Amino acid sequence: MADLKVHDTLSENFSLYLPTSFKGDRAWPVLFVFDMKDKGRQALSMFVSAAEEQEYILAASNGISDSLSLSENILITNRMFNRVYSILPIKKDGAYLAGYTEGGRFASLVPSFIKGISGVLSCSASVANREVLNIKRPYYFIGIVGKEDYLYSDMINNKKFLNKLKFPNQLLFHSGGREWPKNSYLNSALEYFKLAEMAKKNTELDTTFVYRTYNKNMLQMEALLAVNNPLFAENRLSQMLEVYRPLMNVDSLKERKKHLRRSKLYKSRQHEENAILLKESFVINDYDYYLEEDIANYNYNNLGWWKYQTEEIVKWSKSPKIGEKQLAKRLEGYLNALIEDYVDMIKEETLVDEEALSLLYMIKTIVAPKEFKNYLNVISISSKNEDYGTALFYLEELLIKGYTDKEELYTLEHTALLRITPEFNETIAKYLKEARYEIMEE
């Protein structure tokens with residue numbers, strides 16, 4: 001892996017990886033990997049094993065960022081593309097894009113601005129803007145999402161939308177959460193890209209490759225059935241039907257899928273899944289509505305409702321049903337992300353609404369009780385506004401949860417007056433054995 005400059009007169013650079021089998025005497029497909037946190041090289045490294053096996057060149061910009069505008073990121077991306085095409089033998093119709101979360105969303109936008117993209121692999125992110133999709137210039141969208149990821153239902157809805165448009169797509173599920181999928185999933189996605197190129201006759205048909213991947217998929221599907229996971233198995237069969245239909249006879253797959261969907265186990269699991277997704281949509285609607293209302297009206301009285309919602313999530317997390325455990329993970333992830341979005345939005349305002357910000361941090365202490373920074377933020381804002389009763393309450397809650405950094409407590413912003421009060425030092429002494437300032441006896 002090497003870092004190369006885009007141009008001698010520019011400071012922009014990108015990471016490049018050539019598979020060990022690379023030779024310059026033939027054209028190669030390329031996968032451009034995107035990360036919006038200036039970690040292009042790290043994101044690219046996640047694809048090395050799959051790129052080796054499927055023989056893809058990898059490239060990732062180290063300059064794009066969510067702090068830049070869309071137009072700036074597109075220009076940086078286009079300059080990287082031009083540089084890669086100028087120094088390497090890239091296959092016609094062989095450019096693919098990939099990314100995780102925000103990187104995946106950005107990847108799905110790029111084909112609307114830059115021509116010649118054949119496919120997008122998006123992990124834990126749906127299409128960023130459905131309105132700019134060009135049906136006359138489709139690309140192959142492959143999504144990968146975990147069943148514990150709070151965007152699970154969003155990715156399902158994204159697939160339904162793309163299906164209605166007859167936009168080529170696949171959705172791969174794994175059992176994890178909001179995390180990079182295992183290499184086997186990335187490898188499968190790159191295989192699907194290659195098979196799609198063979199189906200479109202952009203690449204010479206390799207029957208050995210077709211049957212090898214087909215047999216591998218069949219074994220994986222059988223393994224899912226062996227552990228009583230009919231929904232994942234049905235999803236794999238659906239993928240195979242779409243991928244292999246242009247390349248071989250798939251009548252046996254159709255019959256296998258029909259038989260599976262008629263089974264009692266599949267029907268039972270599908271019914272449970274639909275019920276959970278419906279419940280999830282209702283709960284998320286409540287989160288959206290009440291958080292907006294509470295922030296707009298500074299509704300501290302609703303903190304008890306948020307505590308109840310958190311208790312419900314905990315209850316589902318302890319359920320013997322795997323579907324409810326996964327629901328708990330998704331709801332926890334969604335609620336945390338929703339609050340963080342509001343925090344970011346308020347912080348970006350010219351005049352920061354500190355009361356709304358403090359309320360959000362209070363809700364966050366309920367939703368994520370082990371995230372100590374939220375208690376500290378409430379203490380700081382409350383002290384700034386001379387609401388020492390609230391500051392002392394959250395100080396004790398923080399210490400009860402196991403916080404031990406006394407130095408940070410005595411240097412916390414806006415707490416100079418709070419720190420010299422007897423109540424503050426008594427609380428410190430109670431939980432951390434010794435206070436910095438002497439507690440005066442009356």
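Helices (H or I, at least four residues) and strands (E, at least two) are DSSP runs, numbered from the N terminus. Keep that in mind for the labels on this tour.

**Before you start**

This is a predicted model, in which local features need pLDDT of at least 70, side-chain atom pairs count only at pLDDT 80 or more, and totals for chains, interfaces and linings use all residues. Residues are numbered from 1 along each chain as its sequence is written, and side-chain values use heavy atoms, with hydrogens and water left out.

**Stop 1: the whole chain**

Show everything. The chain has 18 helices and eight strands. Along the principal axes, its C-alpha atoms fill a box of roughly 90 × 65 × 40 Å. Of the 442 residues, 49% are buried (under 20% relative accessible area; exposed is over 50%, partly exposed in between; 1.4 Å probe, protein chains only).

**Stop 2: helix H15**

Select residues 388-400. How far apart are the end C-alpha atoms of H15? They are 18 Å apart, which agrees with the 18 Å that 13 residues should span at 1.5 Å a residue; the expected span is 1.5 Å times one less than the number of residues.

Now colour the buried residues of H15: Thr390, Ala391, Leu392, Tyr394, Leu395, Leu398 and Leu399. An α-helix has 3.6 residues a turn, so residues three or four places apart point the same way. The cover over the buried residues of H15 includes helices H11 (303-317), H13 (354-367) and H14 (372-384), and also H16 (406-409), H17 (416-419) and H18 (422-432).

Step just past H15. Glycine 402 takes a positive phi of about 110° there.

**Stop 3: aspartate 35**

Go to the loop between strand E3 (28-34) and helix H1 (40-45), where aspartate 35 is found. Which side chain of opposite charge is nearest to aspartate 35? That is lysine 39, 6.6 Å away; aspartate 35 is buried yet has no salt bridge (a side-chain nitrogen of Lys or Arg within 4 Å of a carboxyl oxygen of Asp or Glu).

Turn to the backbone. A polar atom of the aspartate 35 side chain lies 2.8 Å from the backbone nitrogen of lysine 37. The aspartate 35 side chain also reaches the backbone nitrogen of lysine 39, at 3.1 Å. Leaving aside neighbours within four places in sequence, aspartate 35 is in contact (heavy atoms within 4.5 Å) with Gly40, Ala43 and Ile64.

**Stop 4: aspartate 93**

Select strand E5 (residues 90-100), which holds aspartate 93. Aspartate 93 counts as partly exposed because its relative accessibility is 34%. Not counting residues up to four places away in sequence, aspartate 93 touches Ser118, Glu197 and Asn202. Finish with a distance: the C-alpha atoms of aspartate 93 and glycine 119 are separated by 9.3 Å.

Key: Lys, Arg positive; Asp, Glu negative; His and termini not counted. Polar contact = N/O pair within 3.5 Å; in protein donor to acceptor, adjacent residues only side chain to side chain.
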